[in-house]
Amino acid sequence: MPDSRTPDVLALIGCQKAEFDHASKLRTWTLRLQALIGLVAAGTIFVKSDTWLYIAAVFALALALLWLALWLELGASRGHAERLRRATLIVGGLGVALDGAEAFELANDGKAPKSEAKRLVDPEYFASKSHPGTNRLIEMLEESAIWTTNLAGIACRETWLMFGGFVALATVTLLSSAALIDQSGWELAARAVFAVLAVLLSADFLGAAASYGRAQRGTARIVDKLQRHKGQNPSVETIILILGDYNSNVESMPTFSSGLYPRHQRRLNEQYNMYLTGPQ
């Protein structure tokens with residue numbers, strides 16, 4: 001039966017890591033484009049020339065089309081990455097063998113390069129050394145939930161900080177326009193409000209921050225649930241229900257942006273080791 005070191009599971013792990021990395025890069029670029037569109041909109045407060053306003057509108061439209069293309073690819077990549085993650089947990093945890101057609105689809109339907117998937121194969125990706133079964137699935141799911149909880153917490157804090165930065169930028173832009181540009185009160189107010197809304201809404205940091213926070217709380221509850229079943233040999237149905245709950249929480253939040261894990265790798269490893277061993 002497959003375990004975390006069989007070719008089937010190793011291939012799934014490599015594909016999963018590569019696909020999530022690809023989705024994270026796309027997420028980062030979509031946020032950059034959204035922020036840039038918002039900044040262009042905010043900058044038009046200071047523009048009185050119709051020619052430059054037209055140029056800004058065309059530029060913003062081009063950015064929006066590029067954002068749409070990346071957003072569509074992000075959706076496809078994220079969906080396949082989540083499919084790979086679920087398959088990895090089931091195949092590696094319960095020892096379920098994939099049929100040829102399913103294995104072929106999982107290996108070839110992704111957006112990430114095949115060479116990257118091969119490079120990222122990691123036999124030690126999961127810490128569990130148990131034999132395939134419900135206890136092993138519990139251990140793998142618990143590990144995934146712990147990492148997700150900690151990553152979501154960091155992502156939540158960073159996203160709230162970015163949101164605060166955009167609010168500050170929008171406020172400075174509004175005050176600067178009022179002080180530097182001779183416009184009627186209603187015209188200035190209207191342009192300022194639309195510019196501020198464009199910055200805040202196009203960047204989507206508020207919704208992302210709230211989603212990360214909800215996911216953090218939800219996956220933390222998953223860890224608590226799994227603790228009650230460790231070593232108890234629960235039924236497969238019981239753990240599958242918890243797995244479904246975990247999937248729901250994870251898929252409700254945006255993909256983590258690229259660079260989040262590398263920036264906090266040491267801290268995250270310390271948190272996970274502390275969870276396993278307790279404070280030293």
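G93 is buried, with a relative accessible area of 0%; here buried means under 20% relative accessible area, exposed means over 50%, and partly exposed covers what lies in between (1.4 Å probe, protein chains only). G93 sits in helix α2, where helices are DSSP runs of H or I with at least four residues and strands are runs of E with at least two, numbered from the N terminus. The C-alpha atoms of G93 and I138 are 7.8 Å apart, although 45 residues separate them along the chain.

A quick word on the ground rules. This is a predicted model, so local features need pLDDT of at least 70 and side-chain atom pairs count only at pLDDT 80 or more, while totals for chains, interfaces and linings use all residues. Residues are numbered from 1 along each chain as its sequence is written, and side-chain values use heavy atoms, with hydrogens and water left out.

Now the overall picture. The protein has 9 helices and 0 strands, and 43% of its 280 residues count as buried.

Another glycine worth a look is G213, in helix α7 (residues 205-227). G213 is buried too, at 5% relative accessible area.

What about the core? The largest nonpolar core holds 43 residues, and L89, L141, Y212, Y246, M253 and F256 have the most contacts inside it. A core of this kind is a set of buried Ala, Val, Leu, Ile, Met, Phe, Trp, Tyr and Cys residues joined through side-chain atoms within 4.5 Å. At least two residues each come from α1 (7-43), α2 (50-94), α5, α7, α8 (236-251) and α9 (260-277). Helix α5 gives the most, with 12 residues. In soluble globular proteins, nonpolar side chains tend to be buried together.

Some nonpolar side chains do end up outside, though: L36, L39, F59 and L169 form a surface patch with about 320 Å² of accessible area together. Patches take residues with over 30% relative accessible area and no salt bridge, joining nonpolar side chains (Val, Leu, Ile, Met, Phe, Trp, Tyr) within 5 Å and like charges within 9 Å. The areas come from the Shrake-Rupley method with a 1.4 Å probe, and for residues only the protein chains shown count as cover; a salt bridge is a side-chain nitrogen of Lys or Arg within 4 Å of a carboxyl oxygen of Asp or Glu.

On to the rings. Rings of Phe, Tyr and Trp (its six-membered ring) pair if their centres lie within 6.5 Å, and planes under 30 degrees apart count as stacked, over 60 as edge-to-face and the rest as tilted. The count comes to 6 aromatic pairs. W160 and F163 have ring centres 5.9 Å apart and planes at 80°, so this pair is edge-to-face. Both residues lie in helix α5, 3 residues apart, about one turn of the helix. Elsewhere, ring pairs link W147, Y261 and Y272 into a cluster.

Here is how some side chains come out for accessibility:

| Residue | Relative accessibility | Class |
|---|---|---|
| W160 | 40% | partly exposed |
| F163 | 17% | buried |
| L169 | 36% | partly exposed |
| N233 | 56% | exposed |

N233 is found in the loop between α7 and α8, and it has a positive phi of about 50° although it is not a glycine.
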